There are 2 protein chains.
Amino acid sequence: MATIQDVATAAGVSTASVSRYLAGQTVRAATDIARAVDELGYQPNVSARNLRTGRHAAIGVIVPDVTNPFFAALIKGIEQEARTAGLQILLGNSDEDLEQENALIGELSQRTDGIIIAPLVEDGRSAEDVARLRLPVVFVDRESRERRDVDRVMVDNLEGTRLAVAHLAALGHERIAFIGGPLSSTPGRERHAGFRASMAARGMPVDEALVVVADFRESGGHDAMRALWRSRPTAVFVANNLMTIGALRALDELQVRVPADISVVGFDDLSFAPLLRPPLTVVRRPEVEQGATAARLLLDRIGAEPGADPVILTLPVELVVRGSTAGPPRERAAHHG
Amino acid sequence: MATIQDVATAAGVSTASVSRYLAGQTVRAATDIARAVDELGYQPNVSARNLRTGRHAAIGVIVPDVTNPFFAALIKGIEQEARTAGLQILLGNSDEDLEQENALIGELSQRTDGIIIAPLVEDGRSAEDVARLRLPVVFVDRESRERRDVDRVMVDNLEGTRLAVAHLAALGHERIAFIGGPLSSTPGRERHAGFRASMAARGMPVDEALVVVADFRESGGHDAMRALWRSRPTAVFVANNLMTIGALRALDELQVRVPADISVVGFDDLSFAPLLRPPLTVVRRPEVEQGATAARLLLDRIGAEPGADPVILTLPVELVVRGSTAGPPRERAAHHG
DNA sequence: CTGAAAGCGCTAACAC
DNA sequence: GTGTTAGCGCTTTCAG
């Protein structure tokens, strides 16, 4: 591997001039240097540069599960934005494991200029760990109770839930069930709270047997739905994409028809949602954009003075009505009769 | 940030001893050093270490599309294995763009100890670029015509295709259509070749109107299916997951019933495949395992002498028969009559 | 087992 | 605009 010294010698200048040329400054021997760089196939040594400058030209991204389509889209958005700025992505998959998440924070913070993280829980050590770092950090989709002073890019969970409940209520549903995620996580807590608030706002009582807190996984949604069905809801709002898949699987097993026997609304769209029979009604949000926004926020922080007020962005959601929602069985029976 | 010098001073030893302690060697003042490390919250500077050792403790992963469930699963497998070995992942998403892929190869090769790549095409510059690197490289899922001397972890595309065709033929289908990916890519080429070979092996003629080469994207599958339907196939084998989604969408639009009017087999399972109505019959492969295998191969290469013979691993596939395949319409009519 | 010291390749003062 | 040079923090000879 050629070094900057080799290039300097070949071009008949000092390493400083080569360094300046590389940095885009005007240099007299530019053409000579360019030729030397080309001939030697010179590539600057990243480690040396990083050591010298104290920067890394990389950002860390920590998500609970790369295979969740939402996080995959998030990563895509982050990647696009980071690439434009010339930064690499160090990816960490915590696999829904707090220990792993903590380890990742420690490791990535030593090799990046900033971190984008979707923390597993709101009050975990992770939040504290992140605080201790002097690195810029952006929370995506999830926030931390301890670190209210950190930038974050959220999504309007309350509004999403309200839209779902309003839609179901408008169709005449009264026995609306809710399958939520861990209350320790932001989407879990907010969507849960949003559900109760939306029901209350409409003067609708919440049957506690119809509210299940699960784990955001497919299996969790599946088990929750099986448990829930015994209490005969006429509609169910499922708080994330994976659990929705699980819930649909459970309904399938139970031979419960959608939407004839039960209406289903999911949170987060899925590429195949329109393909399901019936096509799934969902609350949709701009996933890739959420990632890109988080990246932009982080890039702004990197290189800026620390201590500025935290930026909190809340992206809008929309309800996409497809075929999985209809009036409750009773009403339909009435209509038919 | 505390440096190794600070620790050495605090512990009353030289930096060399601290370095040795950190490397796990037996050192007399171990307890003193341990305490100093702890009190100062010492974290070794990664850039300095990398500069000195010439290593990076990181591997690069380049895929065409993070949001494709297959690649997401691949990444998950790679991540798991790399983490165990203490290596970080630098992720590159080429977004199905050759230029981008080339740029990524260049960038990542300067900051990693090895690269796992699923190349877009078999004879692109990427292959050449990779060859020029002196880094260990592993191709996953896709290979390169120019670089036959590189490790690779493939999947048995021919067998997968054969299983699909055999299944459809056994059901009585004769007009079997094929929607493939770019012939410039390995899965595109092999599945296409496999289809023709499997048909020939059974003495079944291939109607050229029933063979479409698309682009592995959802839209490609959609358009191909619409075009294909005019020639009235009784079954279709779609060569990847995204295109299968598109094809199903097209059939839906055309109000063609599956499997009553047409049987469908996809390549690559999908978490929601069992949820589709009818549940989708697919060729399945061990995706996460494929990633993990590639990572293991790369890890073996890193630190080993270069020049060993290339390792070529081909992982098995299996056919998962669900509800989207049945006998052809004619036969069914005959049975009913 | 230990310490002194060289040096990985680069950038940024600094003096010209 | 240019060259000289110090030094980022670490590991690894080398001599003891």
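Which polar backbone atom lies 2.3 Å from a phosphate oxygen of DNA strand D? In this predicted model, for which local features need pLDDT of at least 70, side-chain atom pairs count only at pLDDT 80 or more and totals for chains, interfaces and linings use all residues, the atom belongs to B:Ile4. Residues are numbered from 1 along each chain as its sequence is written, chains are lettered from A and ligands numbered from 1 in the order in which they are written, and side-chain values use heavy atoms, with hydrogens and water left out.

A residue counts as near a molecule or strand if one of its heavy atoms lies within 4 Å of it. Around DNA strand D there are 24 residues, of which A:Arg20, A:Arg28, B:Ile4, B:Tyr42 and B:Arg52 come nearest. The surface near DNA strand D comprises ten nonpolar, eight polar and six charged residues, where Ala, Val, Leu, Ile, Met, Phe, Trp, Tyr, Cys and Pro count as nonpolar, Asp, Glu, Lys and Arg as charged, and the others, Gly among them, as polar. Sugar or phosphate accounts for 58% of the atoms of DNA strand D within 4 Å of the protein, the rest belonging to bases.

DNA strand C is likewise surrounded by 24 residues, the closest being A:Ile4, A:Tyr42, A:Arg52, B:Thr26 and B:Arg28. Of the atoms of DNA strand C within 4 Å of the protein, 59% are in sugar or phosphate and the rest in bases. An N or O atom in the side chain of A:Tyr42 is 2.4 Å from a phosphate oxygen of DNA strand C, whereas B:Arg20 places a polar side-chain atom 2.4 Å from a base oxygen, and the side chain of B:Arg52 has an N or O atom 3.2 Å from a base nitrogen. The surface near DNA strand C receives at least two residues from each of α2 and α4 of chain A and α2 and α4 of chain B.

Helix α5 of chain A (residues 69-84) has 16 residues, which at 1.5 Å a residue should span 22 Å, in agreement with the 23 Å between its end C-alpha atoms; the expected span is 1.5 Å times one less than the number of residues. Twelve of the 16 residues of α5(A) are buried, so the helix is largely enclosed by the rest of the structure. Buried denotes under 20% relative accessible area, exposed over 50% and partly exposed the range in between (1.4 Å probe, protein chains only). The buried residues include A:Phe70, A:Phe71, A:Leu74, A:Ile78, A:Lys76, A:Glu79 and A:Arg83. The N-terminal end of α5(A) is capped by A:Asn68, a side-chain oxygen of which lies 2.8 Å from the backbone nitrogen of A:Phe70. The helix is followed by A:Gly86, which has a positive phi near 75°.

An open sheet of twelve strands, with mixed pairing, has the order β11(A)-β5(A)-β4(A)-β3(A)-β1(A)-β2(A)-β2(B)-β1(B)-β3(B)-β4(B)-β5(B)-β11(B); two strands pair if DSSP finds at least two bridges between them. Because β11 (312-315) of chain A and β11 (312-315) of chain B stand at the edges, each with a single partner strand, one side of each is left without a neighbour in the sheet. The twist averages 20° from one strand to the next, with axes taken as lines fitted to C-alpha atoms, for helices over the stretch in contact, and angles running from 0 to 180 degrees between N-to-C directions. Strands β2 (residues 88-93) of chains A and B pair in the antiparallel sense over three bridges, and A:Ile89 stands opposite B:Leu91 in β2(B).

How values were computed. A polar contact is a pair of N or O atoms within 3.5 Å; within protein, one must be able to donate a hydrogen and the other to accept it, and residues adjacent in sequence count only if both atoms are side-chain atoms. Helices (H or I, at least four residues) and strands (E, at least two) are DSSP runs, numbered from the N terminus.
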